[in-house]
Amino acid sequence: MDDIADILTAFSRWALPVLGSVVLIYCALSLFRHRFRSPERAFLTEVKSGNTMQLKNWENAVGRSSACDIVADDDSVSRFHGVVARRKKGWTVIDTYSKTGIFVNGRRINSRTVLENGDTVSFGSFAYKFGTDG
């Protein structure tokens with residue numbers, strides 16, 4: 001019986017660290033194998049002023065609040081007016097229950113809408129030209 005216990009102890013002293021190392025290496029390699037593609041860069045260019053703002057996040061809040069990624073300081077814009085987000089189908093815009101709504105190319109949207117390069121997106125009295133570099 002003591003011989004079996006000695007064999008198991010000797011086995012576990014080298015087998016468990018080796019097994020742990022293999023699992024750790026496998027996990028590290030999987031991080032490099034399944035890298036997420038970065039989104040194509042997208043921009044909103046204000047029609048009146050020509051100021052261009054890069055959409056830096058996967059989801060970009062637009063509104064009057066200073067907590068938004070894109071601040072449009074005007075009473076016609078709600079505090080959190082809408083969101084421009086990267087999805088599988090491309091860049092989309094969605095209204096977050098704003099008072100004045102969101103318009104894409106002059107048409108009011110009621111649901112998530114995919115944006116195309118060159119579309120005009122209006123949040124209240126602010127109009128932006130949407131563009132990508134990809």
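1. Tyr128 is buried, at a relative accessible area of 1%. The model is a predicted one. Phe123 is buried as well. Phe126 has 16% relative accessibility, so Phe126 also counts as buried, the cut-off being under 20%.

2. Which residues make up the aromatic cluster? Phe123, Phe126 and Tyr128 form it together. The structure holds two aromatic pairs. Phe123 and Tyr128 make an edge-to-face pair, with 5.9 Å from centre to centre and 65 degrees between the planes. Phe126 and Tyr128 have ring centres 6.4 Å apart and planes at 15 degrees, so this pair is stacked. Tyr128 thus takes part in an edge-to-face pair with Phe123 and in a stacked pair with Phe126. Note the distance for Phe126 and Tyr128: the centres are 6.4 Å apart, and the cut-off for a pair is within 6.5 Å.

3. How many salt bridges does a search of the whole structure find? The count is two. One joins Arg41 to Asp133, with the closest N and O atoms 2.9 Å apart. Arg41 sits in the loop between helix H1 (2–33) and strand E1 (42–46). Asp133 sits in the segment after strand E11 (126–132). Arg41 is partly exposed, with a relative accessible area of 43%. Asp133 is partly exposed too, with 45%.

4. The other salt bridge is between the side chains of Glu59 and Arg87, at 2.6 Å from N to O. Glu59 belongs to strand E3 (residues 59–63) and Arg87 to strand E5 (residues 82–87). They are 28 residues apart, and the pair links distant parts of the chain. Glu59 is partly exposed, with a relative accessible area of 45%. Arg87 is partly exposed, with 30%.

5. On cysteines: the count of disulfides is zero. Is Cys68 buried or exposed? Cys68 is buried, with a relative accessible area of 7%. Cys27 is partly exposed, with 41%.

6. The protein chain has one helix and eleven strands. The order along the sequence is α-β-β-β-β-β-β-β-β-β-β-β.

7. Now the overall dimensions. What is the radius of gyration of the protein chain? The value is 26 Å, whereas a compact globule of 134 residues would have one near 14 Å. Along the principal axes, the C-alpha atoms fill a box of roughly 85 × 30 × 25 Å.

8. Burial and surface come next. Of the 134 residues of the protein chain, 31% count as buried. The accessible surface of the protein chain is about 9,500 Å². Carbon and sulfur atoms hold 57% of that surface.

9. Last, the contacts. Take those in the protein chain with a separation of 6 or more: 36% come from residues 24 or more positions apart.

Terms used
Residues are numbered from 1 along each chain as its sequence is written. This is a predicted model: local features need pLDDT of at least 70, side-chain atom pairs count only at pLDDT 80 or more; totals for chains, interfaces and linings use all residues. Side-chain values use heavy atoms; hydrogens and water are left out. Rings of Phe, Tyr and Trp (its six-membered ring) pair if their centres lie within 6.5 Å; planes under 30 degrees apart count as stacked, over 60 as edge-to-face and the rest as tilted. Buried means under 20% relative accessible area, exposed over 50%, partly exposed in between (1.4 Å probe, protein chains only). A salt bridge is a side-chain nitrogen of Lys or Arg within 4 Å of a carboxyl oxygen of Asp or Glu. Helices (H or I, at least four residues) and strands (E, at least two) are DSSP runs, numbered from the N terminus. A disulfide is a pair of cysteine sulfur atoms within 2.5 Å. The radius of gyration is taken over C-alpha atoms; the globule rule is 2.2 Å times the number of residues to the power 0.38. Contact means heavy atoms within 4.5 Å. Accessible areas come from the Shrake-Rupley method with a 1.4 Å probe; for residues, only the protein chains shown count as cover.
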